Amino acid sequence: MKSVAALLLVGMFILWTELPTGSAWSCPHIRFTCAIPNPPNECDFRRPCPPQQKCCPSSCGLRCVQPPEFLSNSHG
């Protein structure tokens, strides 16, 4: 029974992280991969990014990313 509850919690967490954040832009594509086995993350579900930024995978861990220039200019 505990394993079923754990699987449900993991599934709910995955769905929660995939929900749209109210913005229309996506994280940039990663072209290079970090050589560090377990790179530090700037953000995650415990440490969210500031408003108007997204927590995105980078070449070395997760980091807060600004929206593309054309989107940030159209809202201000």
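## Overall layout

The protein has 2 helices and 2 strands. This is a predicted model. Read from the N terminus, the elements run α-β-β-α. Helix H1 spans 2-18, and strand E1 spans 54-58. Strand E2 covers 61-65.

Buried residues make up 18% of the 76 residues in the protein. The accessible surface comes to about 6500 Å². Carbon and sulfur atoms account for 64% of that surface. Take the contacts between residues at least 6 apart in sequence: 44% of them join residues at least 24 apart.

## The strand pair

How do E1 and E2 run relative to each other, parallel or antiparallel? They run antiparallel, and 5 bridges join them. A hairpin links E1 to E2 through 2 residues. Within the pair, Lys54 stands opposite Val65 in E2.

In a regular strand, side chains alternate between the two faces of the sheet. E1 has a covered face made of Lys54, Cys56 and Ser58. Its uncovered face holds Cys55 and Pro57.

Cys56 has 0% relative accessibility and counts as buried. Ser58, also in strand E1, is buried at a relative accessible area of 16%. Leaving aside residues up to four places away in sequence, Ser58 touches Ile30 and Arg63.

## Disulfides: the overall pattern

How many disulfides does the structure hold? It holds 4. Count the bonded cysteines along the chain, and the pattern is 1-6, 2-7, 3-5, 4-8. Three of these links are described below, one at a time.

## Cys27 to Cys56

A disulfide joins Cys27 to Cys56, with an S to S distance of 2.1 Å. The angle about the S-S bond is -75°, and the link is left-handed. Cys27 lies in the loop between H1 and E1, whereas Cys56 is in strand E1, so the pair ties together parts that are 29 residues apart in sequence.

Are the two ends buried or exposed? They fall into separate classes: Cys27 is partly exposed at 32% relative accessibility, while Cys56 is buried at 0%.

## Cys34 to Cys60

Cys34 is joined to Cys60 by a disulfide, S to S 1.8 Å. Cys34 lies in the loop between H1 and E1, and Cys60 in the loop between E1 and E2, so this pair connects parts 26 residues apart in sequence.

Cys34 is buried, with a relative accessible area of 19%. That value falls in the buried class because the cut-off is under 20%. Cys60 is partly exposed, at 29%.

## Cys49 to Cys64

Cys49 and Cys64 form a disulfide, their sulfur atoms 2.2 Å apart. The torsion about their S-S bond is about -95°, so this disulfide is left-handed. Cys49 lies in the loop between H1 and E1 and Cys64 in strand E2, so the link ties together parts that are 15 residues apart in sequence.

Both ends are buried. Cys49 has a relative accessible area of 16%, and Cys64 has 14%.

Gln52 lies in the loop between helix H1 and strand E1. Gln52 is exposed, with a relative accessible area of 64%.

The H1–E1 loop also carries one end of each link described above: Cys27, Cys34 and Cys49.

## Lys54 and the aromatic rings

Where does the charged end of Lys54 sit? It sits over the ring of Trp25, 4.7 Å from the ring centre. Lys54 is also part of the covered face of E1, and it stands opposite Val65 in E2.

Pairs between aromatic rings are another matter. A search of the whole structure finds 0 aromatic pairs.

Terms used. Residues are numbered from 1 along each chain as its sequence is written. This is a predicted model: local features need pLDDT of at least 70, side-chain atom pairs count only at pLDDT 80 or more; totals for chains, interfaces and linings use all residues. Side-chain values use heavy atoms; hydrogens and water are left out. Rings of Phe, Tyr and Trp (its six-membered ring) pair if their centres lie within 6.5 Å; planes under 30 degrees apart count as stacked, over 60 as edge-to-face and the rest as tilted. A charge sits over a ring if NZ of Lys or CZ of Arg is within 6 Å of the ring centre and within 35 degrees of the ring normal. Helices (H or I, at least four residues) and strands (E, at least two) are DSSP runs, numbered from the N terminus. Buried means under 20% relative accessible area, exposed over 50%, partly exposed in between (1.4 Å probe, protein chains only). Contact means heavy atoms within 4.5 Å. A disulfide is a pair of cysteine sulfur atoms within 2.5 Å. Two strands pair if DSSP finds at least two bridges between them. Accessible areas come from the Shrake-Rupley method with a 1.4 Å probe; for residues, only the protein chains shown count as cover.
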